[in-house]
Amino acid sequence: MKFHFIAGFIASVLFPPACLHCGARIRAGTLCNPCRASFFAAYPAERISRAAGSTGAAMGAVPGVIPGAVTPAVPVIPPPALFCGSCRARLVASGGARENIPGAVRALGRSPCHPSFPYLLGTAGSYRHAVLASLVRALKFEGITDAAEPLSALLIAYAEQCAGFFLAPAHTRHQSIAWGAGGPSSAAAPPIVIPVPLSRRRLLARGFNQAELIARPFAAHFGLALAPHALVRSRHTKPQSEAPSAAARRANVHRCFTVPDPAAIVGRRIVLVDDVATSGATLLEAAQTLRTAGASAILALAAAEA
Ligand SMILES: [Zn+2]
Ligand SMILES: [Zn+2]
């Protein structure tokens with residue numbers, strides 16, 4: 001313990017922590033105050049301070065984000081919303097308050113425009129935001145696991161504003177009946193948080209699953225169970241960014257997931273967590289696999305949409 005403290009002190013003198021976006025010297029954490037304020041600008045400061053803990057709240061943040069700008073001046077991002085997974089229509093009129101979510105979404109966990117599509121989509125930020133992109137790159141490609149903390153905090157702040165109806169531990173009787181498939185008892189059970197899994201080969205190469213690092217504090221914050229092994233990537237796939245077309249991306253992930261223990265998810269609502277949602281092909285494949293295994297409804301949440 002003492003050794004770790006001394007080693008940590010020496011490391012902090014030799015390698016003082018720097019902002020993962022702009023490189024500015026910081027005393028602790030991952031982002032300098034201006035970058036952190038820019039990163040969380042779309043969310044009210046009081047929510048961030050709760051979600052982000054003591055690592056530096058974005059107090060006084062400007063309510064809006066200009067992609068690429070560190071200190072935004074004009075609000076350009078609309079209020080947080082859930083989206084139809086199929087056509088990406090916004091499912092929240094404004095503000096994200098519970099009463100703004102259409103009844104069909106609230107009761108069934110399905111989009112009203114594409115009710116048979118297997119998931120609702122929620123994305124907390126845009127990959128075009130330079131600070132967010134820096135964090136994702138640091139996490140995925142530089143192995144800086146601390147970068148998951150602000151990404152998770154962003155997802156928490158976002159979900160608090162527009163996904164509360166799905167994350168609630170119990171539903172009203174009316175809603176329980178509407179859930180159908182698993183019966184009222186399982187519908188009233190809290191959702192299970194499942195990070196999009198990596199293949200064994202990629203997990204060994206990277207050393208960690210970035211989606212799990214984002215999902216773990218998220219699940220803890222909402223008091224939900226994290227089930228990182230409920231969905232398994234049983235076939236190695238090349239990165240989706242290397243697939244040249246939408247059809248190629250779908251083919252790349254076709255049948256790459258399996259559910260080892262369907263009994264654990266039958267009739268349950270699932271929160272599927274990933275770092276970035278791009279074409280949605282990976283989320284669709286994962287959601288279809290979970291639905292086939294018996295999940296009643298799926299909310300796919302990503303820190304960023306690209
Ligand atoms: Zn910075
Ligand atoms: Zn739709």
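**Notebook: loops, sheet and core**

I began with Arg255, which sits in the loop between α12 (246-253) and β6 (257-258). The model is a predicted one. I looked up the backbone of Arg255 and found a positive phi of about 55°, although Arg255 is not a glycine.

I looked up Arg88 next, in the loop between β1 (82-84) and α4. Arg88 also is a residue other than glycine with a positive phi, here near 60°. Arg88 has 14 C-beta neighbours inside 10 Å, so it counts as partly exposed.

**Overall counts**

I noted 13 helices and 8 strands in the protein. The protein has 306 residues, and buried residues make up 43% of them. I also checked the contacts with a separation of 6 or more: residues 24 or more positions apart account for 67% of these.

**The sheet**

In what order do the strands of the open sheet of 6 strands lie? I read the order as β1-β2-β8-β7-β3-β4, and the pairing is mixed. The edge strands are β1 and β4 (225-226), each of which pairs on one side only. I followed β2 to strand β8 (residues 297-305): the two run parallel and are joined by 6 bridges. For Gly122, I found that the bridge partner in β8 is Leu301.

Helix α11 (residues 210-222) lies across β3 (192-195), β4, β7 (269-277) and β8, and runs at about 130° to β7. Helix α13 (residues 281-292) lies across β7 and β8, at about 165° to β7.

**Helix α13**

I checked the span of α13. Its 12 residues should span 16 Å at 1.5 Å a residue, and the end C-alpha atoms are 16 Å apart, so the two values agree. How many of the 12 residues of α13 are buried? I counted 9, and α13 is mostly covered. Among the buried residues are Leu283, Glu285, Ala286 and Ala287. The cover over the buried residues includes α12, β6, β7 and β8. After α13 comes Gly294, with a positive phi near 115°.

I went to Tyr119, in the loop between α4 (103-108) and β2 (120-126). Tyr119 is buried, because 27 other C-beta atoms lie within 10 Å and the cut-off for buried is 20 or more. Tyr119 and Gly85 are 34 residues apart in sequence, but their C-alpha atoms are 5.8 Å apart in space. Leaving out residues up to four places away in sequence, Tyr119 touches Gly85, Leu272, Leu283, Ala287, Ile298, Leu299 and Ala300.

I followed that list to Leu272. Which residues have the most contacts inside the largest nonpolar core? They are Leu155 and Leu272, in a core of 79 residues. Helix α6 (residues 148-162) gives the largest share of this core, 10 residues. I wrote one general remark beside this entry: in soluble globular proteins, nonpolar side chains tend to be buried together.

How values were computed
Residues are numbered from 1 along each chain as its sequence is written. Chains are lettered from A and ligands numbered from 1 in the order in which they are written. This is a predicted model: local features need pLDDT of at least 70, side-chain atom pairs count only at pLDDT 80 or more; totals for chains, interfaces and linings use all residues. Helices (H or I, at least four residues) and strands (E, at least two) are DSSP runs, numbered from the N terminus. Two residues are in contact if their C-beta atoms, placed from the backbone, lie within 7 Å. Two strands pair if DSSP finds at least two bridges between them. Axes are lines fitted to C-alpha atoms, for helices over the stretch in contact, and angles run from 0 to 180 degrees between N-to-C directions. A nonpolar core is a set of buried Ala, Val, Leu, Ile, Met, Phe, Trp, Tyr and Cys residues joined through C-beta atoms within 7 Å. The expected span of a helix is 1.5 Å times one less than its number of residues.
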